[in-house]
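Please look through the model below before reading on.

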Protein chains: 2
Amino acid sequence: MHSHPDTALMSRAIELAGEGGAAGDYRLGALVVGADGIVAEAHTDLAATNDPTAHAEILAIRRASAKLNTRYLHGCFLYTTLEPCPMCTSAAIWAKASGIVFGATLDDALERGGEHRDGQFYSWRQINIKSRYVVERGTPLLELHEAFMRTECLTLLPAPR
Amino acid sequence: MHSHPDTALMSRAIELAGEGGAAGDYRLGALVVGADGIVAEAHTDLAATNDPTAHAEILAIRRASAKLNTRYLHGCFLYTTLEPCPMCTSAAIWAKASGIVFGATLDDALERGGEHRDGQFYSWRQINIKSRYVVERGTPLLELHEAFMRTECLTLLPAPR
């Protein structure tokens, strides 16, 4: 049983983000953890899948639901290296997760527009709505841990402009 | 080539919503249409898939991307029978769709809490954020047609409380 936020869990999410970067995608990692430990893990996988919804958080949530054979992740927490966008925050609400723990913040990401890597420009677009704004307008009301291990997670983002 | 909003396209989305209801799910339908016609269709499919992200709009977007083999739906419009939630609106933004056309509104849905059907209570939870709020905070800026054929789409929702 973990108490949240948990350093080892976010460290694992950071590893996953690195795997996403090594695979040529955005360096973003996420996992879903339940009472008995990690249920599902993912890195953002947009390029390889051609799926515009393949953010790390969406993939982790979908994999956790598939594994647990339910669309409700009661008691589960979503860990993610960057503040989840409205799509991903909403998915956690629809899944009735218990909480979200995120690392770097939307404001951090907004300060960093993108990066050139492997001859490609990665735009790191953001939808300018904070996760808390979404959480507070949904039910159930998820527990939200913001900017946890932010310094470590910041290293995954492009350098500031 | 369609001009938007288009009555025949929304009528098709309403049919899809009915198919979702007949399958024991929420009566919500969506489609993605491009320059050459409908690319992908879906009804909400939460119960059968156990996937908390299986809203009609997400499924239509994912299917359209799979069919077109790209995560960018440039030039495409998303039609949906109910104002899309922040998850689905955001997915359309990430996909760089050209626009969204929706029928019944979030306010309509908020007035209708849920319904008993086939011995089950369908809660029709809402996240209280309008699609326009999300659209205006993302890039590209999608064209938004609100409350199109609202009267027809309203018949898909539970009766007012």
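What covers the buried residues of α4(A)? The cover includes α3 (56-68), β3 (77-82), β4 (99-104) and α6 (131-135) of chain A, together with α4 (86-94) and α6 (131-135) of chain B.

First, some ground rules. This is a predicted model, in which local features need pLDDT of at least 70 and side-chain atom pairs count only at pLDDT 80 or more, while totals for chains, interfaces and linings use all residues. Residues are numbered from 1 along each chain as its sequence is written, and chains are lettered from A and ligands numbered from 1 in the order in which they are written. Helices (H or I, at least four residues) and strands (E, at least two) are DSSP runs, numbered from the N terminus.

**Helix α4 of chain A**

Helix α4(A) spans residues 86-94 and is mostly covered. Of its 9 residues, 9 are buried. Buried means that 20 or more other C-beta atoms, placed from the backbone, lie within 10 Å of a residue's own; exposed means 12 or fewer, and partly exposed is in between. Among the buried residues are A:Met87, A:Cys88 and A:Trp94. Just after the helix, A:Lys96 takes a positive phi of about 55°.

**The sheet of chain A**

In chain A, 5 strands form an open sheet with mixed pairing, in the order β2-β1-β3-β4-β7. Two strands pair if DSSP finds at least two bridges between them. The edge strands, β2 (37-43) and β7 (143-145), each pair on one side only. Neighbouring strands are turned by 15° against each other on average, direction ignored. Strand β1(A), residues 29-34, runs antiparallel to β2(A), and 6 bridges join them. One bridge partner pair is A:Leu31 with A:Glu41 in β2(A).

Axes are lines fitted to C-alpha atoms, for helices over the stretch in contact, and angles run from 0 to 180 degrees between N-to-C directions.

| Helix | Strands it lies across | Angle |
|---|---|---|
| α1(A) | β1, β2, β3 and β4 of chain A | about 145° to β1(A) |
| α3(A) | β1, β2 and β3 of chain A | about 140° to β2(A) |

**A buried residue in chain B**

B:His43 sits in strand β2 (residues 37-43) of chain B. Why does B:His43 count as buried? The reason is its 27 C-beta neighbours inside 10 Å. B:His43 and B:Glu15 are 28 residues apart in sequence, and 9.2 Å apart in space, C-alpha to C-alpha. Leaving aside neighbours within four places in sequence, the contacts of B:His43 include B:Leu16, B:Asp25 and B:Ala56. Contact means that two C-beta atoms, placed from the backbone, lie within 7 Å.

**Where the chains meet**

How many residues of chain B are in contact with chain A? There are 28, and they touch 28 residues of chain A. On the side of chain B that touches chain A, α3 (56-68) and α4 each supply at least two residues. Helix α4(B) gives the most to this side, with 6 residues.

Chain B can be laid on chain A with an RMSD of 0.0 Å, by a turn of 180° and a shift of 0.0 Å along the axis. That is the relation of a two-fold axis. In chain B, the C-alpha nearest the axis is that of B:Met87, 1.8 Å away. Copies are superposed by least squares on the C-alpha atoms of residues with pLDDT of at least 70 in both. The copies meet through the same surface, because 100% of the interface residues of chain B are also interface residues in chain A.
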